[in-house]
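Here are some short notes for a first look at this structure. Please keep the view open while reading.

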Amino acid sequence: MKTRHLHIEWIVFVIGLLLLSTMNTQNTSHTLCMFEWIGFKYCLGEGLGHSIAYVFQGDIKSSIQANFMGPVAVFVLSFRILSIWTKLHLYQNFRHDFLVE
């Protein structure tokens with residue numbers, strides 16, 4: 001994978017997590033679920049955004065009640081961000097060492 005794609009991926013993940021961490025969990029007036037927009041009552045990711053917001057607020061019980069995959073999603077996205085940073089850091093060190101010698 002090109003390093004440019006790695007830069008975009010971790011930036012998108014960080015922005016998404018930051019936006020969800022500042023989300024007002026009391027607001028339930030709008031949704032981003034296209035299934036609900038076309039009239040279905042249930043959405044596959046129902047409550048995932050609220051669940052992630054509750055994780056950042058430290059309310060794990062409410063997080064699991066909103067969607068049990070919220071804490072898992074925060075862990076997976078955080079792990080992916082750290083793995084991308086590690087790859088980018090190792091790539092820069094390798095490139096720097098290669099060009100210096």
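1. In which helix does F75 lie? F75 sits in helix α5. This is a predicted model. The relative accessible area of F75 is 59%. That is over 50%, so F75 counts as exposed.

2. The patch covers about 820 Å². Its residues are I60, I64, F68, M69, V72, F75, V76 and F79. Two or more residues each come from α4 (60–66) and α5 (70–100). Helix α5 contributes the most, with 4 residues.

3. Now the aromatic pairs. The count is 2. In one of them, the ring centres of W10 and W85 are 5.2 Å apart. Their planes meet at 75°, so this pair is edge-to-face. W10 belongs to helix α1 (residues 3–21) and W85 to helix α5. The pair therefore ties together parts that are 75 residues apart in sequence. W10 is partly exposed, at 21% relative accessibility. W85 is also partly exposed, at 40%.

4. F75 and F79 are 4 residues apart in helix α5, which means a separation of about one helical turn. F79 is exposed, with a relative accessible area of 57%. Both F75 and F79 are part of the nonpolar patch.

5. Finally, helix α3. Which residues of α3 (residues 48–57) are buried? They are S51, I52, A53, Y54 and V55. G58 follows α3. The phi of G58 is positive, near 85°.

Methods:
Residues numbered from 1 in each chain as written. Predicted model: local features only at pLDDT ≥ 70, side-chain atom pairs only at ≥ 80, totals over all residues. Heavy atoms only, no water. Buried < 20%, exposed > 50% of the residue type's maximum accessible area, 1.4 Å probe, protein only. Patch = residues over 30% accessible without salt bridge, like charges linked within 9 Å, V, L, I, M, F, W, Y side chains within 5 Å. Areas by Shrake-Rupley, 256 points an atom, 1.4 Å probe, with all protein chains shown as cover. Salt bridge = Lys/Arg side-chain N within 4 Å of Asp/Glu carboxyl O. Phe/Tyr/Trp six-rings, centres within 6.5 Å; stacked < 30°, edge-to-face > 60°.
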